[in-house]
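Subject: The structure we talked about

Hi there,

Here is the structure I promised to pass on to you. Have a look at it in your viewer first, and then read my notes beside it.

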Amino acid sequence: MRTVAIFRRELRLYDNPLLQDAERSEFIPVFFLDDYNQQEHGDNLRALFFHALRQLQHQIEAIGGRLYILPLAEQERFFDTVRPDVVRLCEDVEPHSRQRDKQLIDLLNSKGIRVQILRDSLLSPLPDGTYPSFTQFYKKHFLMHARPVPAIPAPKALHTPRWELPEVAIPEPESEAAQSWFATEEEVQRRWQSFVRDRLAQYEQSRNLPSQPSTSRMSPYVRCGMISLRQMLGDAWGVSEQFVKELAWRDFYSHILYHYPETVNMELRPEWRGFPWRHDEEQFERWARGRTGIPLVDAGMRQLLCEGWIHNRTRMVVANYLTKHLLIDWRWGERWLYLHLVDADLAMNVGNWQWAAGCGADAQPYYRIFNPLLQAQKFDPQAEYIHRYVPELQHASAEQLGDLENLHRLCPDYPSPLVTPDEGRKRFLQVAQQFFAERGQENLPFDRE
Ligand SMILES: Cc1cc2nc3c(=O)[nH]c(=O)nc-3n(C[C@H](O)[C@H](O)[C@H](O)COP(=O)(O)OP(=O)(O)OC[C@H]3O[C@@H](n4cnc5c(N)ncnc54)[C@H](O)[C@@H]3O)c2cc1C
């Protein structure tokens with residue numbers, strides 16, 4: 001029996017369905033380098049991803065196997081040389097990946113090679129239909145299917161036959177931000193175990209504080225498959241329902257992208273299509289560089305520039321400020337984060353951006369507009385997070401940070417606000433009210449906040 005396993009996002013040995021019973025047969029792990037992915041992704045994600053791939057290559061070699069790295073264009077020649085009995089791969093919901101997989105499966109079928117499609121980046125099967133709200137998805141689908149299951153042990157030995165194949169080197173994109181995330185699978189396990197031991201039980205209470213190490217910070221490793229979602233679910237089960245729910249949001253957004261691939265660049269909710277988003281490049285640039293004059297927004301955007309990651313609470317605040325207060329197109333924000341996040345994931349990023357803008361699945365109603373000053377008071381009460389990322393504000397107290405009129409005078413290097421929360425809120429409500437009224441939706445509850 002000869003098995004080929006195509007690695008894509010599952011870059012680990014432990015609890016990896018691609019490696020189930022791998023010791024029992026001739027086992028050929030392969031990774032195909034795809035130009036599309038090279039062009040589509042930012043350097044931060046690419047740097048971490050290829051780091052993880054290199055680690056995996058070493059781990060596989062250490063147990064006697066070989067991970068072949070080949071250009072995608074060599075795929076067919078590879079199968080003709082290797083002549084496997086079965087090819088394994090894991091399902092992927094992204095539109096480009098689905099198209100690629102369809103072509104691959106057709107190719108393998110035409111050669112009479114059996115294909116096994118496995119699940120790794122989802123905890124529940126993709127449902128046939130969609131669920132209108134997260135709560136329904138969670139109760140009626142996720143909790144019915146996602147359960148802790150025994151882990152698949154890491155293989156101790158692999159037997160990979162050797163061929164002369166046109167192997168290529170793993171790229172090494174430059175990224176300072178990604179370097180701080182570089183870790184071995186063993187180190188990722190240690191970080192996860194320490195989160196489970198010390199912080200998981202308090203997760204629900206502390207997860208919204210961006211200055212604290214209160215969340216798992218596993219998303220970059222989840223993105224590259226350096227840790228198993230089933231393991232995370234198993235460890236959180238019965239300890240933190242809130243954490244289990246966060247994992248369920250992943251599945252929720254994946255099923256939305258699977259059923260509505262057009263949402264990559266179009267609002268999920270039809271009533272939002274044609275919304276008069278602004279396309280102000282100068283204001284966008286100031287948002288992207290962390291120079292909006294709104295302290296919490298700027299702290300978040302600067303965390304992104306130096307670490308390639310932003311705390312979830314701050315992601316919500318920066319997305320809300322861009323789309324509501326600045327009225328700038330959510331697609332612009334989505335692309336910027338996608339190109340800079342070390343955990344950039346199409347389904348999660350698009351889903352969350354549309355949620356923040358109001359036009360997506362189970363989204364915030366359009367009249368829910370965060371006040372970024374109140375968000376800072378509530379979730380960064382000592383201004384530790386703001387002080388960490390915005391050095392010009394070092395000497396302003398938490399109270400002074402909330403007084404925008406005087407802040408610029410106190411900290412002259414810090415810009416005055418592009419739009420104050422009050423102005424932004426008023427303008428957005430006016431524009432949205434007019435837009436929906438013109439479309440005959442004037443009965444939407446405009447005055448409910
Ligand atoms: C505007 C915006 C853009 C985002 N873009 C991405 C993205 O590109 N990639 C990404 O992985 N997450 C994205 N998120 C979701 C979320 O912010 C991150 O998953 C989370 O901050 C990762 O930190 P953590 O691992 O410490 O999370 P924890 O709080 O420890 O949560 C555990 C895991 O649950 C999952 N999770 C948590 N929150 C969400 C969520 N809202 N949606 C989906 N999954 C979630 C993640 O896999 C995370 O690792 C985005 C959120 C917003 C508001």
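Predicted model: local features only at pLDDT ≥ 70, side-chain atom pairs only at ≥ 80, totals over all residues.

Let's zoom in on β4. This strand covers residues 86–90 and pairs with β5 in the parallel sense, over 5 bridges. If you want to see the pairing for yourself, find L89, which stands opposite I117 in β5. Another pair to look for is C90, which stands opposite L118 in β5. β4 also runs parallel to β1, and here 3 bridges join the two strands. On that side, A5 stands opposite R88 in β4. Is β4 mostly covered or mostly open? The strand is mostly covered, as 4 of its 5 residues are buried.

Next, turn to helix α5, residues 134–145, where F137, Y138, H141 and F142 are buried. Why do these four end up on the same side of α5? They cover an arc of only 130° around the axis, and that puts them on the same side of the helix. The face turned away from the buried side of α5 carries the exposed residues T135, K140 and M144.

**Around the ligand**

Which residues come nearest to the ligand? Of the 27 residues around the ligand, T215, S216, S219, N312 and N352 come nearest. By type, the residues of this shell divide into 13 nonpolar, 6 polar and 8 charged. Four helices each supply at least two residues of the shell: α9 (219–224), α11 (241–259), α14 (312–325) and α16 (346–357).

**Two residues with a positive phi**

Two backbone angles are worth a look. D15 is not a glycine, yet its phi is positive, at about 50°. You will find D15 in the loop between β1 (2–6) and β2 (26–33). D15 counts as buried because 21 other C-beta atoms lie within 10 Å, and the cut-off for buried is 20 or more.

A383 is another residue other than glycine with a positive phi, in this case near 60°. Look for A383 in the loop between α17 (372–379) and α18 (384–389). A383 is buried too, with 24 other C-beta atoms within 10 Å.

- E76 lies in helix α3, residues 75–82. With 13 C-beta neighbours inside 10 Å, E76 counts as partly exposed. E76 and E61 are 15 residues apart along the chain, and their C-alpha atoms are separated by 24 Å.
- L374 belongs to helix α17. Because L374 has 12 C-beta neighbours inside 10 Å, L374 counts as exposed, the cut-off for exposed being 12 or fewer. Its C-alpha atom and that of M348, 26 residues apart along the chain, are separated by 26 Å.
- Q394 has its place in the loop between α18 and α19 (398–401). Q394 is exposed, with 11 other C-beta atoms within 10 Å. From C-alpha to C-alpha, Q394 and V196 are 33 Å apart in space, and they are 198 residues apart in sequence.

Enjoy exploring, and do write back with any questions.

Best wishes

Technical notes:
Residues numbered from 1 in each chain as written. Near = placed C-beta within 6 Å. Nonpolar A, V, L, I, M, F, W, Y, C, P; charged D, E, K, R; others polar. Pairing = 2+ DSSP bridges. Arc of directions from axis to C-beta.
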